[in-house]
Every structure is written in C-alpha cells, then in structure tokens.
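Me: I have a chain open here and would like to go through it with you. Could you take my questions one at a time?
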Amino acid sequence: MKKVFQIPHTYVIIVAVVLLAFLGTYLIPAGVYERVEDPKSNRIVVDPDSFRYVEQSPVKIFSFEKPHLFSALYRGMEGASSIIFFIFIVGGAFAMIQGTGAIDAGIGRLALKVKDKGILIIPIMAFIFALGGSTIGMSEEIIVFVPIGISLAKALGYDAVVGTGMIALGAAAGFSAGFANPFTVGVAQAIAEVPLYSGFTFRLLMFIVLVSITCWYIISYALKIKKDPSSSILANLEEKDDYSLNLQELPEFTIKHLLVYSVLIIGFILIIIGVKSYDWYIEELASVFLMMGIFSSILGGISPSKSAANFVEGAKGIAFGALVVGVARAILVVMEQGQIIDTIINNLAMGISSLPSVFAALLMYLVQIVLNFFIPSGSGQAATTMPIMAPLADLVGVSRQTAVIAYQLGDGITNSIIPTSAVLMSYLAIAKIPYEKWFKWVTPWILMNIGAGAVFLIIATLINLA
C-alpha cells in the first residue's frame, strides 16, 4: 500500500522554521535601523534613513560564551513566559469554573432554546467579537472566551473549530478592519501624520465585508459537520473532550450556578474596563481570571481540594499548546540575535519605490503580510514599518491613508495563521486544536480575506483615499 503523506507534528513544523531562520543568519546580511522617540506619538520608531549594515553575527550551533541555536528554545520560553503562564492560569481557572457545573447548566439551557435555530449563534458571536476587535483592539482578551464558545458550539452539535472560529476569527476580522482600533490604526495614523480615525467610512465598509466573509465561512463548515460529524477536521481527535455537553443529561440550574455566572459577568466587566481605561495586559487578565475561578468555586460549593485538583487538571490539559508559544518564540530569538530582521524590512520596503501606484500599494500590502511573520505585534509593526512606508507612499503616488490600510490588513489577517503569534498559539492551546489542523482549515479564510483586502487597496488607490 502506498504510504499517505502526513503533516508533521506541530513542534516539527515550528522547529523547521527555526532552522530556516538559523540559516538566514548566515545568508542574509546583518543590518540595523536606529530607533528614536517620536515626539508626536511618544513611541520608539524606526528612523527610515538610518539603515546600515553591520558586522555579520550568525547564530552558532553551539557556543560557550554566547547564546546559540540550542539555547534559542530556552530563551524563547523565557521571552514568552508571561504568555505561557497566562495560558496555564486561564486553563486551570476555567477548569475550576467548569467544575461548578454552571457552564454545562447555563449553556445547555441556551442550546435547548435555540436548538432549531442554533446556527444564528455563529454570526451573533462573530459580530460581537468583531466589534471588540475593531474598537478596543481585542486580541489577547479573546483567549478567555474561547472555552465558553467551544462549549456552546459543542452543545449545538458543532466542534471546537466552530466554537473557536466564531470568537477568534470574528475578532480577527474586526481587528483587521480596525475602524476605531487605537492600537493599530491609531498608532499607524499618528506616525503617518494623517488625522486620527480618518477614512472611518471606508474602514466600516471593510468591516462589513470581512465579517460577512467570516460568518459565511464558519457557517458553511458548521452546516457540513452538522450533517456529517465525520467531516470535522477534529473527527479523530475529540474522543475525550473537556468541553462536550450532553443535552439529555443536563444538571439542574440552581442559585449556585446563578452566583457563578454573576462572578463571570463581573470578571468580564473588570477585564473590559481594565483593558480600555487602565492598559491592562497579560498579568492583570490572568489575575482576574484566577479570581473568577476561585470565587466561582467558593460560591459553587466546591471544596478547596477539589478546586485545586480541577485547576491542576485544566493546566495539565493545555501543557502541549502552552509550550508551543515558547517554541515559536525561538524563531524571533534567532532572527534578533543574527540581526537580520531590519535587513529584511529594508530590502522589502525599498523594492516598492519604483512601481506604479496601484502595484506599489499591493506590494506594500504583501510586504506587511511577510513582515507580520517576523513582527506579530500590531503596534510594534506600525512603529517599525510606518516611518518607512509613509514617505515611500509619497514617492510612489499612494496616499498615506492607503499605506495605513495596507499595514492594518497585512498585520491583521494573517495573525490567525502565523506560528509566531502568541495569541493564536494561546487559543489553539486552550481549544486543544493542533496547529497543523487549524492551518489546513483556516487557510481558505486567510486567502479570501487577503483577496478582499487587495480589492479594497486597489479602490483606495484609485480614489486616492485621504
């Protein structure tokens, strides 16, 4: 029998990319930009005229005196430690909450009420999280909602991919359109010196289109697996599933469950306020979720020992995915040590300057897509590339607003597929979806959105969007 090709293990895929980055430190000339503080945005930005080549410093396979290839994994784990611990705490805390039975009882009741029209849950959830992505830049925050989305999807007869997709891809579509996203559009427009949130109507149209594509894509898949569960990409992986609900054996919804939901509501309100008004990040989000787990267990009548056991079980269940974040971070560690990131940015950017405006805009878009692999932070990519792209836009007859759109679409869409994205690896870890399975499923969605983004860029260029 002919042997069928199998997609390599997730760690094998990521380590292969680490090795490519390692080879790149020998083949790609080392170079750096000077970073300066921009007085208008108060951020550290790249000086576009400061690029210079420096002495080659390729990463060694092994060294007694400096970091080497095999230390990149440790340094990646160290650099991503806050994200890794966040995943462990969120996973453990959610297991504590789920141990009270409130999730099963509440979502099960909701599922029974919408059982005949359960498909409506997908666009509703996707739209809610798209609004969050487009207004408050919801990204890391979606991680805590993924388990609830999966439980709801399972109760309606779908799989973990549907539950994860309607939250994560919904937020990603909104984040990419970013009609009021202060962390991407706000930063990029400030650096490009265009009025804050100008082009709002154009971005709102982008929002409608990208969210519509997302809803259609997830619904199509959901209907397919509802009809034939074996067509799920996780068909052979969900035999033991912590998020499954049996609608025929639902626990009775009690006052204890109501108290648990009160804790969840208060917790999520705190998260929204903290992120929007107090610049909360990973540490604060993890702390609130841990509090939600502890208080839910107390009010749900769970003993301290059982609560602790639930926490350990939840953290243990996502160890594989949590460690993926550190492994993926090793890619950036190697490129930073070899000083090749700035060289890549410089060469990609300079290739744009001699092209006609429409092609220049599309190439800007392509450059941002490529650079997003190396700089997965939205505000970080804006601070790194917009000082270069803004003056380049002037040279090739593209409006600076169009350059900002090329950046935000190039940054946002591929966040849902690049292994260097800590957020992606985090919610896949919690959802227990192997990266290679997700990659195969999400690729058509990525390509459709990239295509839609290209159309919007062409229109923006032709109308000289200001």
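This is a predicted model: local features need pLDDT of at least 70, side-chain atom pairs count only at pLDDT 80 or more; totals for chains, interfaces and linings use all residues.

Me: Which nonpolar patch on the surface does Leu290 belong to?
Reply: Leu290 is part of a nonpolar patch that also includes Phe253, Ile255, Leu258, Leu259, Met291, Ile294, Phe295, Ile298 and Leu299, and together these residues have about 870 Å² of accessible area.

Me: And which helix gives the most to that patch?
Reply: Helix H11 gives the most, with six residues, although H10 (255-278) and H11 (282-299) each supply at least two.

Me: Let's zoom out. How many helices and strands does the chain have?
Reply: There are 19 helices and four strands in the chain. Of its 466 residues, 55% are buried, and the chain exposes about 20,600 Å², of which carbon and sulfur atoms supply 67%.

Me: What about the inside: which residues touch the most other members of the largest nonpolar core?
Reply: The largest nonpolar core has 142 residues, and Met386, Tyr427 and Trp438 are the ones that touch the most other members. Helix H9 (residues 200-227) provides the largest share of this core, namely 12 residues.

Me: Which residues does Trp438 touch?
Reply: Leaving out residues up to four places away in sequence, Trp438 touches Val161, Thr164, Gly165, Leu169, Ile233, Ser416, Leu424, Tyr427, Leu428 and Ile433.

Me: Switching to charges, how many salt bridges does the structure hold?
Reply: The structure holds three salt bridges. One of them joins the side chains of Glu34 and Arg52, at 3.4 Å from N to O. Glu34 sits in the loop between strand E1 (31-32) and strand E2 (35-38), while Arg52 is in strand E4 (residues 52-53), so that the pair links distant parts of the chain, 18 residues apart. Both partners count as partly exposed, with Glu34 at 36% relative accessibility and Arg52 at 42%.

Me: And where do Glu193 and Arg400 lie?
Reply: Glu193 forms a salt bridge with Arg400, with the closest N and O atoms 3.8 Å apart. Glu193 lies in the loop between helix H8 (182-192) and H9, whereas Arg400 lies in helix H17 (residues 400-412), so this pair ties together parts that are 207 residues apart in sequence. Arg400 is partly exposed, with a relative accessible area of 22%.

Me: How far apart along helix H12 are Glu313 and Lys316?
Reply: Glu313 and Lys316 are three residues apart in helix H12 (residues 304-317), so about one helical turn separates them. They form a salt bridge in which the closest N and O atoms are 3.4 Å apart. Glu313 is partly exposed at 44% relative accessible area, whereas Lys316, at 55%, is exposed.

Me: Last one: what span should helix H15 have, and what is the distance between its end C-alpha atoms?
Reply: Helix H15 (residues 357-374) has 18 residues and, at 1.5 Å a residue, should span 26 Å; its end C-alpha atoms are 26 Å apart, which agrees. Among the buried residues of H15 are Met364, Tyr365, Phe373 and Phe374.

Conventions
Residues are numbered from 1 along each chain as its sequence is written. Side-chain values use heavy atoms; hydrogens and water are left out. Patches are made of residues with over 30% relative accessible area and no salt bridge: like charges are joined within 9 Å, nonpolar side chains (Val, Leu, Ile, Met, Phe, Trp, Tyr) within 5 Å. Accessible areas come from the Shrake-Rupley method with a 1.4 Å probe; for residues, only the protein chains shown count as cover. A salt bridge is a side-chain nitrogen of Lys or Arg within 4 Å of a carboxyl oxygen of Asp or Glu. The expected span of a helix is 1.5 Å times one less than its number of residues. Buried means under 20% relative accessible area, exposed over 50%, partly exposed in between (1.4 Å probe, protein chains only). A nonpolar core is a set of buried Ala, Val, Leu, Ile, Met, Phe, Trp, Tyr and Cys residues joined through side-chain atoms within 4.5 Å. Contact means heavy atoms within 4.5 Å.
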